[in-house]
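Please look over the sequence and the structure shown here before reading on.

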Amino acid sequence: MSSKYCGHLLDILWFGHPPHPRRATPHESTVSRPHVTHRAPRRPPHPAAQAASESNLAAGRPATASSHTDVYRPANVTDGDQATYWESAGNAFPQWIQVDLGATAALSRLVLKLPGGWPNRTQTLAVQTGTNGTTFTTVVPQTTYAVNPATTITLPAGTTARHVRLHITANSGWPAGQLSELEVWGTAPDTPQDGANLALGKPMTASSHTHTYAAANAGDDNLSTYWESAAYPATLTAQLGADATLTSVTLKLNPDAVWARRTQTLTVQGRVQGATAFTTLVPPRPPTPSTRPPATASRSR
Ligand SMILES: [Ca+2]
(Lines give C-alpha, C1' and ligand atoms only; values in the text may rest on other atoms or scores of the structure.)
Protein backbone atom coordinates (compact mmCIF):
# COMPACT_ATOMS: atom_id res chain seq x y z
CA MET A 1 0.00 0.00 0.00
CA SER A 2 1.44 3.29 -0.95
CA SER A 3 1.85 5.85 1.77
CA LYS A 4 0.61 8.37 -0.77
CA TYR A 5 -2.78 6.81 -1.31
CA CYS A 6 -5.64 9.09 -0.60
CA GLY A 7 -8.95 8.66 1.14
CA HIS A 8 -10.29 5.17 1.25
CA LEU A 9 -13.84 4.72 0.17
CA LEU A 10 -14.88 1.27 1.13
CA ASP A 11 -13.90 -1.02 3.91
CA ILE A 12 -14.99 -4.06 1.98
CA LEU A 13 -14.55 -7.36 3.73
CA TRP A 14 -15.12 -9.64 0.81
CA PHE A 15 -14.97 -13.34 1.45
CA GLY A 16 -16.02 -16.08 -0.92
CA HIS A 17 -13.04 -17.20 -2.92
CA PRO A 18 -11.36 -20.45 -1.93
CA PRO A 19 -8.15 -19.69 -0.08
CA HIS A 20 -4.98 -20.19 -2.05
CA PRO A 21 -2.12 -20.46 0.38
CA ARG A 22 1.18 -19.53 -1.21
CA ARG A 23 4.28 -21.44 -0.30
CA ALA A 24 7.66 -22.04 -1.74
CA THR A 25 8.39 -25.47 -3.06
CA PRO A 26 11.25 -27.00 -1.13
CA HIS A 27 14.15 -27.61 -3.47
CA GLU A 28 15.90 -30.88 -4.03
CA SER A 29 18.91 -31.14 -1.81
CA THR A 30 21.31 -33.74 -0.59
CA VAL A 31 21.70 -31.74 2.60
CA SER A 32 19.52 -32.75 5.50
CA ARG A 33 16.80 -30.17 5.86
CA PRO A 34 13.88 -29.91 8.25
CA HIS A 35 10.74 -31.41 6.74
CA VAL A 36 7.96 -28.99 5.94
CA THR A 37 4.48 -30.44 5.93
CA HIS A 38 1.55 -29.15 3.94
CA ARG A 39 -0.94 -27.32 6.10
CA ALA A 40 -4.54 -27.34 4.98
CA PRO A 41 -6.01 -23.85 4.51
CA ARG A 42 -8.22 -22.90 7.37
CA ARG A 43 -11.56 -21.22 7.09
CA PRO A 44 -11.91 -18.05 9.13
CA PRO A 45 -13.87 -18.35 12.35
CA HIS A 46 -17.62 -17.91 12.25
CA PRO A 47 -18.25 -15.37 13.45
CA ALA A 48 -14.90 -13.61 13.46
CA ALA A 49 -14.58 -12.33 16.96
CA GLN A 50 -11.37 -10.40 17.16
CA ALA A 51 -11.19 -6.70 16.59
CA ALA A 52 -7.75 -5.37 17.19
CA SER A 53 -6.50 -1.86 17.48
CA GLU A 54 -3.13 -3.44 16.86
CA SER A 55 -2.47 -5.66 13.90
CA ASN A 56 0.41 -7.36 12.10
CA LEU A 57 1.37 -4.48 9.84
CA ALA A 58 3.87 -6.66 7.93
CA ALA A 59 1.22 -9.05 6.59
CA GLY A 60 1.49 -9.18 2.83
CA ARG A 61 4.01 -6.32 2.74
CA PRO A 62 7.16 -6.37 0.58
CA ALA A 63 10.21 -7.97 2.20
CA THR A 64 13.81 -7.82 1.02
CA ALA A 65 16.99 -9.43 2.28
CA SER A 66 20.74 -9.37 1.96
CA SER A 67 20.55 -12.71 0.13
CA HIS A 68 18.45 -15.84 -0.19
CA THR A 69 18.95 -19.49 -1.02
CA ASP A 70 17.05 -21.14 -3.87
CA VAL A 71 13.29 -20.78 -3.46
CA TYR A 72 13.51 -19.56 0.14
CA ARG A 73 12.77 -15.98 -0.80
CA PRO A 74 12.29 -12.95 1.47
CA ALA A 75 8.59 -12.71 0.55
CA ASN A 76 8.01 -15.94 2.47
CA VAL A 77 8.27 -14.02 5.77
CA THR A 78 5.15 -11.93 5.14
CA ASP A 79 2.86 -14.48 3.48
CA GLY A 80 1.11 -15.49 6.70
CA ASP A 81 2.21 -19.11 6.32
CA GLN A 82 4.51 -20.52 8.99
CA ALA A 83 5.41 -23.42 6.70
CA THR A 84 7.13 -21.18 4.14
CA TYR A 85 10.40 -19.57 5.09
CA TRP A 86 13.28 -17.34 4.03
CA GLU A 87 16.82 -18.62 4.17
CA SER A 88 19.88 -16.52 3.46
CA ALA A 89 23.01 -17.63 1.67
CA GLY A 90 24.99 -20.06 3.82
CA ASN A 91 28.15 -19.51 5.83
CA ALA A 92 28.10 -15.77 5.21
CA PHE A 93 27.03 -13.87 8.33
CA PRO A 94 25.93 -11.20 8.89
CA GLN A 95 22.67 -11.30 6.93
CA TRP A 96 19.60 -9.11 7.09
CA ILE A 97 15.95 -9.21 6.16
CA GLN A 98 13.57 -6.27 6.26
CA VAL A 99 9.93 -5.41 5.61
CA ASP A 100 8.38 -2.21 4.30
CA LEU A 101 5.18 -1.45 6.21
CA GLY A 102 4.08 1.10 3.61
CA ALA A 103 3.76 3.95 6.08
CA THR A 104 5.30 5.01 9.35
CA ALA A 105 3.39 3.48 12.25
CA ALA A 106 3.63 3.10 16.01
CA LEU A 107 5.13 -0.33 16.71
CA SER A 108 5.00 -2.41 19.87
CA ARG A 109 6.55 -5.80 19.18
CA LEU A 110 7.87 -8.30 16.66
CA VAL A 111 6.95 -11.96 16.47
CA LEU A 112 9.51 -14.17 14.73
CA LYS A 113 8.47 -17.63 13.59
CA LEU A 114 10.07 -20.74 12.13
CA PRO A 115 8.22 -23.77 10.78
CA GLY A 116 6.71 -25.97 13.47
CA GLY A 117 8.55 -29.23 14.12
CA TRP A 118 12.02 -27.98 13.31
CA PRO A 119 14.84 -28.87 15.70
CA ASN A 120 15.39 -26.18 18.33
CA ARG A 121 17.74 -23.38 17.44
CA THR A 122 18.75 -19.89 18.48
CA GLN A 123 19.44 -16.95 16.25
CA THR A 124 21.41 -13.90 17.24
CA LEU A 125 20.15 -10.64 15.83
CA ALA A 126 19.59 -6.94 16.34
CA VAL A 127 16.40 -5.08 15.45
CA GLN A 128 16.81 -1.97 13.36
CA THR A 129 14.19 0.49 12.15
CA GLY A 130 14.02 3.33 9.68
CA THR A 131 11.75 5.52 7.63
CA ASN A 132 13.40 5.53 4.20
CA GLY A 133 14.51 1.92 3.64
CA THR A 134 18.22 2.67 3.57
CA THR A 135 19.08 4.39 6.86
CA PHE A 136 18.53 2.27 9.96
CA THR A 137 18.88 2.78 13.69
CA THR A 138 19.36 -0.12 16.10
CA VAL A 139 16.44 -0.15 18.55
CA VAL A 140 17.08 -3.57 20.13
CA PRO A 141 20.78 -4.52 20.41
CA GLN A 142 22.15 -7.87 19.35
CA THR A 143 20.52 -10.62 21.40
CA THR A 144 20.30 -14.40 21.10
CA TYR A 145 16.71 -15.65 20.78
CA ALA A 146 15.36 -19.21 20.95
CA VAL A 147 12.95 -19.48 18.03
CA ASN A 148 11.20 -22.77 18.86
CA PRO A 149 9.22 -22.13 16.78
CA ALA A 150 8.40 -18.52 17.69
CA THR A 151 9.65 -15.69 19.86
CA THR A 152 8.36 -12.23 20.69
CA ILE A 153 10.63 -9.19 20.81
CA THR A 154 9.21 -6.19 22.65
CA LEU A 155 10.21 -2.90 21.07
CA PRO A 156 11.12 0.16 23.13
CA ALA A 157 8.16 2.35 24.02
CA GLY A 158 7.57 5.02 21.42
CA THR A 159 9.06 3.09 18.51
CA THR A 160 7.77 4.42 15.19
CA ALA A 161 9.03 3.25 11.82
CA ARG A 162 8.11 2.28 8.29
CA HIS A 163 10.96 -0.18 7.69
CA VAL A 164 11.95 -2.93 10.14
CA ARG A 165 15.16 -4.92 9.65
CA LEU A 166 16.63 -7.91 11.45
CA HIS A 167 20.45 -7.89 11.39
CA ILE A 168 21.36 -11.55 11.92
CA THR A 169 24.80 -12.69 13.02
CA ALA A 170 24.38 -16.32 14.10
CA ASN A 171 22.10 -19.36 13.93
CA SER A 172 22.78 -22.42 16.10
CA GLY A 173 20.81 -24.77 13.83
CA TRP A 174 21.91 -23.85 10.32
CA PRO A 175 24.68 -21.60 9.01
CA ALA A 176 22.27 -19.03 7.57
CA GLY A 177 19.53 -16.63 8.58
CA GLN A 178 16.16 -18.39 8.62
CA LEU A 179 12.67 -17.05 9.23
CA SER A 180 9.12 -18.14 8.39
CA GLU A 181 7.28 -15.06 9.50
CA LEU A 182 8.33 -11.58 10.55
CA GLU A 183 5.29 -10.11 12.23
CA VAL A 184 5.41 -6.42 13.10
CA TRP A 185 2.64 -5.53 15.51
CA GLY A 186 1.51 -1.97 15.92
CA THR A 187 -1.14 0.59 15.17
CA ALA A 188 -1.62 1.54 11.56
CA PRO A 189 -2.16 5.19 10.72
CA ASP A 190 -5.89 5.15 10.01
CA THR A 191 -6.43 8.71 8.97
CA PRO A 192 -6.12 9.25 5.22
CA GLN A 193 -3.57 11.90 4.36
CA ASP A 194 -6.21 13.66 2.31
CA GLY A 195 -9.79 12.86 1.51
CA ALA A 196 -12.04 10.72 3.68
CA ASN A 197 -13.73 7.35 3.58
CA LEU A 198 -16.99 8.37 1.94
CA ALA A 199 -18.48 4.89 2.39
CA LEU A 200 -18.16 4.90 6.18
CA GLY A 201 -21.58 4.31 7.71
CA LYS A 202 -23.35 4.69 4.36
CA PRO A 203 -25.92 2.16 3.12
CA MET A 204 -24.27 -0.97 1.72
CA THR A 205 -26.12 -3.48 -0.43
CA ALA A 206 -25.05 -6.76 -1.99
CA SER A 207 -26.29 -9.26 -4.53
CA SER A 208 -26.39 -11.87 -1.79
CA HIS A 209 -24.97 -12.77 1.58
CA THR A 210 -24.61 -15.84 3.75
CA HIS A 211 -25.65 -16.31 7.38
CA THR A 212 -25.16 -13.06 9.26
CA TYR A 213 -22.42 -11.79 6.97
CA ALA A 214 -24.46 -8.92 5.60
CA ALA A 215 -23.34 -6.12 3.30
CA ALA A 216 -23.45 -3.56 6.12
CA ASN A 217 -20.47 -5.33 7.71
CA ALA A 218 -18.30 -3.95 4.88
CA GLY A 219 -18.99 -0.34 5.85
CA ASP A 220 -18.87 -0.37 9.64
CA ASP A 221 -15.12 0.31 10.04
CA ASN A 222 -14.77 -2.89 12.04
CA LEU A 223 -12.26 -5.44 10.71
CA SER A 224 -13.78 -8.25 12.78
CA THR A 225 -17.08 -8.13 10.87
CA TYR A 226 -17.32 -9.03 7.22
CA TRP A 227 -19.59 -9.54 4.28
CA GLU A 228 -19.68 -12.90 2.49
CA SER A 229 -21.59 -13.55 -0.72
CA ALA A 230 -23.53 -16.68 -1.56
CA ALA A 231 -22.59 -17.05 -5.23
CA TYR A 232 -20.53 -15.67 -8.10
CA PRO A 233 -20.66 -13.15 -9.56
CA ALA A 234 -21.33 -11.08 -6.49
CA THR A 235 -21.74 -7.33 -6.18
CA LEU A 236 -21.26 -5.13 -3.15
CA THR A 237 -22.45 -1.53 -3.49
CA ALA A 238 -21.69 1.47 -1.31
CA GLN A 239 -24.26 4.24 -1.70
CA LEU A 240 -22.23 7.38 -1.09
CA GLY A 241 -25.26 9.70 -1.02
CA ALA A 242 -23.85 12.33 -3.38
CA ASP A 243 -21.58 12.59 -6.38
CA ALA A 244 -17.95 12.92 -5.32
CA THR A 245 -14.47 12.90 -6.78
CA LEU A 246 -12.99 9.53 -5.90
CA THR A 247 -9.31 8.82 -5.50
CA SER A 248 -9.06 5.21 -4.33
CA VAL A 249 -10.87 2.19 -3.00
CA THR A 250 -9.38 0.25 -0.08
CA LEU A 251 -10.37 -3.37 0.51
CA LYS A 252 -9.68 -5.01 3.84
CA LEU A 253 -9.96 -8.43 5.43
CA ASN A 254 -9.36 -9.28 9.05
CA PRO A 255 -5.55 -9.20 9.47
CA ASP A 256 -5.67 -11.99 12.04
CA ALA A 257 -3.39 -14.88 11.09
CA VAL A 258 -6.34 -17.31 11.09
CA TRP A 259 -7.32 -15.80 7.75
CA ALA A 260 -5.15 -17.46 5.14
CA ARG A 261 -3.71 -15.26 2.41
CA ARG A 262 -5.96 -15.06 -0.66
CA THR A 263 -6.64 -13.14 -3.84
CA GLN A 264 -9.98 -12.02 -5.20
CA THR A 265 -10.74 -10.98 -8.75
CA LEU A 266 -13.10 -8.03 -9.04
CA THR A 267 -14.16 -4.98 -10.99
CA VAL A 268 -14.77 -1.52 -9.52
CA GLN A 269 -17.84 0.13 -11.02
CA GLY A 270 -19.50 3.48 -10.34
CA ARG A 271 -22.39 5.66 -11.41
CA VAL A 272 -23.38 9.25 -10.83
CA GLN A 273 -26.76 10.20 -9.46
CA GLY A 274 -29.46 9.84 -12.11
CA ALA A 275 -27.55 7.31 -14.17
CA THR A 276 -29.29 4.01 -14.61
CA ALA A 277 -26.26 1.83 -15.22
CA PHE A 278 -22.86 1.36 -13.67
CA THR A 279 -19.73 1.90 -15.70
CA THR A 280 -16.40 0.22 -15.08
CA LEU A 281 -13.87 2.38 -13.23
CA VAL A 282 -11.20 -0.29 -12.71
CA PRO A 283 -11.24 -3.50 -14.76
CA PRO A 284 -10.72 -6.90 -13.15
CA ARG A 285 -7.35 -7.49 -11.55
CA PRO A 286 -6.06 -8.71 -8.21
CA PRO A 287 -7.24 -6.37 -5.43
CA THR A 288 -3.86 -4.90 -4.58
CA PRO A 289 -4.38 -1.39 -3.22
CA SER A 290 -2.80 1.17 -5.49
CA THR A 291 -3.30 4.65 -6.76
CA ARG A 292 -6.38 4.96 -8.92
CA PRO A 293 -7.14 7.61 -11.49
CA PRO A 294 -9.71 10.11 -10.18
CA ALA A 295 -13.29 9.21 -10.98
CA THR A 296 -16.63 10.75 -10.19
CA ALA A 297 -19.46 8.66 -8.87
CA SER A 298 -22.14 8.68 -6.25
CA ARG A 299 -22.08 4.95 -5.89
CA SER A 300 -19.32 2.49 -6.36
CA ARG A 301 -19.21 -1.22 -6.08
CA1 LIG B 1 5.94 -17.77 5.62
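Leaving aside its neighbours within four places in sequence, which residues is leucine 179 in contact with? Once those neighbours are set aside, leucine 179 is in contact with Val77, Tyr85, Trp86, Ile97, Leu112 and Leu114, where two residues count as in contact if their C-beta atoms, placed from the backbone, lie within 7 Å. The model is a predicted one, in which local features need pLDDT of at least 70 and side-chain atom pairs count only at pLDDT 80 or more, while totals for chains, interfaces and linings use all residues. Residues are numbered from 1 along each chain as its sequence is written.

Leu179 belongs to the largest nonpolar core, which has 30 residues, and together with Ile97, Leu182 and Val184 it touches the most other members. A nonpolar core is a set of buried Ala, Val, Leu, Ile, Met, Phe, Trp, Tyr and Cys residues joined through C-beta atoms within 7 Å; a residue is buried if 20 or more other C-beta atoms lie within 10 Å of its own, exposed if 12 or fewer, and partly exposed in between. Two or more residues of this core come from each of strands S3 (63–65), S5 (95–113), S6 (122–130), S9 (160–171) and S11 (181–187), and S5 gives the most, with eight residues. Apart from this core lies another, of 12 residues, including Tyr213, Ala218, Trp227 and Ala238.

The chain as a whole has zero helices and 17 strands, these being DSSP runs numbered from the N terminus (H or I and at least four residues for helices, E and at least two for strands). Strand S9 is largely enclosed by the rest of the structure, because nine of its 12 residues are buried. S9 pairs in the antiparallel sense with S5 over eight bridges, and isoleucine 97 stands opposite leucine 166 in S9. S6 and S9 also pair in the antiparallel sense, over eight bridges, with leucine 125 opposite isoleucine 168 in S9; strands count as paired if DSSP finds at least two bridges between them.

Strand S6 also holds threonine 129, which is buried, with 24 other C-beta atoms within 10 Å. Although threonine 129 and alanine 161 are 32 residues apart along the chain, their C-alpha atoms are separated by 5.9 Å. Not counting residues up to four places away in sequence, threonine 129 touches Phe136, Thr137, Val139, Thr159, Ala161, His163 and Val164.
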